[in-house]
Amino acid sequence: MTNAPDFTAGREPEGKVGALIAWALFILSIPSANVLVLIGLVVSYVSRGTATGVARQHIDAQIALFWSVFWWTIAAWVGIFVSALASLVLIGIPFLLLFLLLWFLLSVWFTIKSVIGLLNLLNDKPI
């Protein structure tokens, strides 16, 4: 009997390429004004169906990270809007600066978390 050839030798596990692309797009969130993050989210959802093992864990982490940061960003924008309205009477200026700083820190945290996720995926470490 002959052994069937192994066509999976040397290939990346299912979903790893999609996870790598999504992490890379997430990392580019600040320079792209968060446009590439939306593309990364779509890539995550598309790759999720066929992903297995560590790649699936990373894709699930990407989706969870996006949605948590999305809701915090919405909260920051509501704070910015309310503070901007309140700044018309000069009382909201400190709050406006505070919420702008919060929004900036959320963007930086999202980028750092994405870099760490990409490094873990390259080393085949689960999240």
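Reader: Before looking at this predicted model, what do the axes and angles of packed helices refer to?

Author: Two packed helices are described by the angle between their axes and by the distance between the axes. Each axis is a line fitted to C-alpha atoms over the stretch in contact, and the angle, taken between N-to-C directions, runs from 0 to 180 degrees.

Reader: At what angle do helix α2 and helix α3 pack, and which word describes their arrangement?

Author: Helix α2 covers residues 35-48 and helix α3 covers residues 53-86, and their axes lie 10 Å apart at an angle of about 140°. An angle has to be over 145 degrees to count as roughly antiparallel.

Reader: Which class of residue has 8 members in the contact of α2 with α3?

Author: The crossing of these two helices, α2 and α3, is left-handed. On the α2 side the contact includes V37, L38, L41 and Y45, while on the α3 side it includes I59, I63, F66 and W67. Alongside 3 polar and 3 charged residues, the contact of α2 with α3 has 8 that are nonpolar.

Reader: How are α3 and α4 arranged, roughly parallel or roughly antiparallel?

Author: The axes of α3 and α4 come within 8 Å and cross at roughly 170°. Because angles over 145 degrees count in this way, α3 and α4 are roughly antiparallel.

Reader: How many charged residues are in the contact of α3 with α4?

Author: The residues of this contact between α3 and α4 divide by class, with 20 of them nonpolar and 7 polar. What remains in the division is the charged class, and its count is 1.

Reader: What is the handedness of the crossing of α1 and α4?

Author: Helix α1, residues 16-27, and α4 have axes that come within 8 Å and cross at roughly 155°, and they are therefore roughly antiparallel to each other. The crossing of α1 and α4 is left-handed.

Reader: Which residues of α1 make the contact with α4?

Author: By class, the contact of α1 with α4 has 10 nonpolar, 3 polar and 2 charged residues. From α4 come residues including F110, V115, G117 and L121, and from α1 come K16, A19, L20, W23, F26 and I27.

Reader: Which helix gives the most to the lining of the largest pocket?

Author: The largest pocket holds about 220 Å³ of space, and its lining has 7 nonpolar residues, 4 polar and no charged. Among the lining residues are V37, F66, V69 and F110, and the elements giving two or more residues are α2, α3 and α4. With 4 residues, the element that gives the most is α3.

Methods:
Residues numbered from 1 in each chain as written. Predicted model: local features only at pLDDT ≥ 70, side-chain atom pairs only at ≥ 80, totals over all residues. Heavy atoms only, no water. Left-handed = near helix turned anticlockwise from the far one by under 90°. Contact = heavy atoms within 4.5 Å. Nonpolar A, V, L, I, M, F, W, Y, C, P; charged D, E, K, R; others polar. 1 Å grid on protein atoms, 1.4 Å probe; cavity = no way out; pocket = protein on both sides within 12 Å on 5 of 7 lines; lining within 4 Å. Points joined across faces, edges and corners; volume = space filled by probe spheres on them. Parallel < 35°, antiparallel > 145°, perpendicular 65-115°, else oblique.
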